[in-house]
Amino acid sequence: MALVVAQEVPASSSMAVPHGPAGVGEARHRMRDQLRVGGVPEAVIDDAVLILSELLSNACRHGRPLGDELAGDGDVRAAWRVDARGCLTVEVTDGGGPTRPVPATPSVTAHGGRGLNIITALADDWGVRDDAPGEVTVWVVVHKDVRSDSQAPRRDGFTTRVNSPSPAPLSGLDLADAFDDLG
């Protein structure tokens, strides 16, 4: 006689992440492992892990830690869940900051500022809410139905929505003449 034991797959998870880069890797690994066990398609997991990384990076760069930690040594909270409909949502809660999260328009040479644009391109929806006094949560609906037949939820035109606009052509310049004297 064989005994079959059903393993309950975590439909949600929440964890404290140190306010800084130290805990981001641990959060990514935990999310990836739990979503895999839950049968979430690998392409959706890849998007969710990237989104979690961006949200945690933004929380550490722009937000304060939760609680009374003013020195930046506290935690932020990362959470994800697959609800009964199969909707995968990722949330990061921090202690707020001087500004609200909004997509930026960084210069081509800027070292940052593209995170929310990446999230916008990958996600089905996202937003910001004030949960409790001193807490701000950025939530992202990564995929509306992880159980659908679509194994590749990547968005068409992803690169065109994330890349910077092409520079205007430089008319009236004949650069070939500038190099004639170098010969």
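Which side chains meet in a salt bridge at 3.1 Å, N to O? The views below answer this for a predicted model, in which local features need pLDDT of at least 70, side-chain atom pairs count only at pLDDT 80 or more, and totals for chains, interfaces and linings use all residues. Residues are numbered from 1 along each chain as its sequence is written, and side-chain values use heavy atoms, with hydrogens and water left out.

**View 1. The salt bridge of Arg77 and Glu135.** The side chains of Arg77 and Glu135 meet at 3.1 Å, N to O, a salt bridge being a side-chain nitrogen of Lys or Arg within 4 Å of a carboxyl oxygen of Asp or Glu. Because Arg77 lies in strand S2 (residues 75-82) and Glu135 in the loop between strand S4 (125-130) and strand S5 (136-143), the pair ties together parts that are 58 residues apart in sequence; strands here are DSSP runs (E, at least two residues), numbered from the N terminus.

**View 2. Glu91 with Arg81 and Arg129.** Glu91 forms a salt bridge with Arg81, whose closest N and O atoms are 3.3 Å apart, and this pair links strand S3 (residues 88-94) to strand S2 across 10 residues. Arg129 also forms a salt bridge with Glu91, at 3.0 Å between the closest N and O atoms, joining strand S4 to strand S3, 38 residues apart. Glu91 counts as buried at 11% relative accessibility, whereas Arg129 at 32% counts as partly exposed (buried means under 20% relative accessible area, exposed over 50%, partly exposed in between, with a 1.4 Å probe and protein chains only).

**View 3. A network of salt bridges.** Arg32, Arg36, Glu42 and Asp46 are linked in this network, and the count of salt bridges comes to seven.

Terms used. Helices (H or I, at least four residues) and strands (E, at least two) are DSSP runs, numbered from the N terminus.
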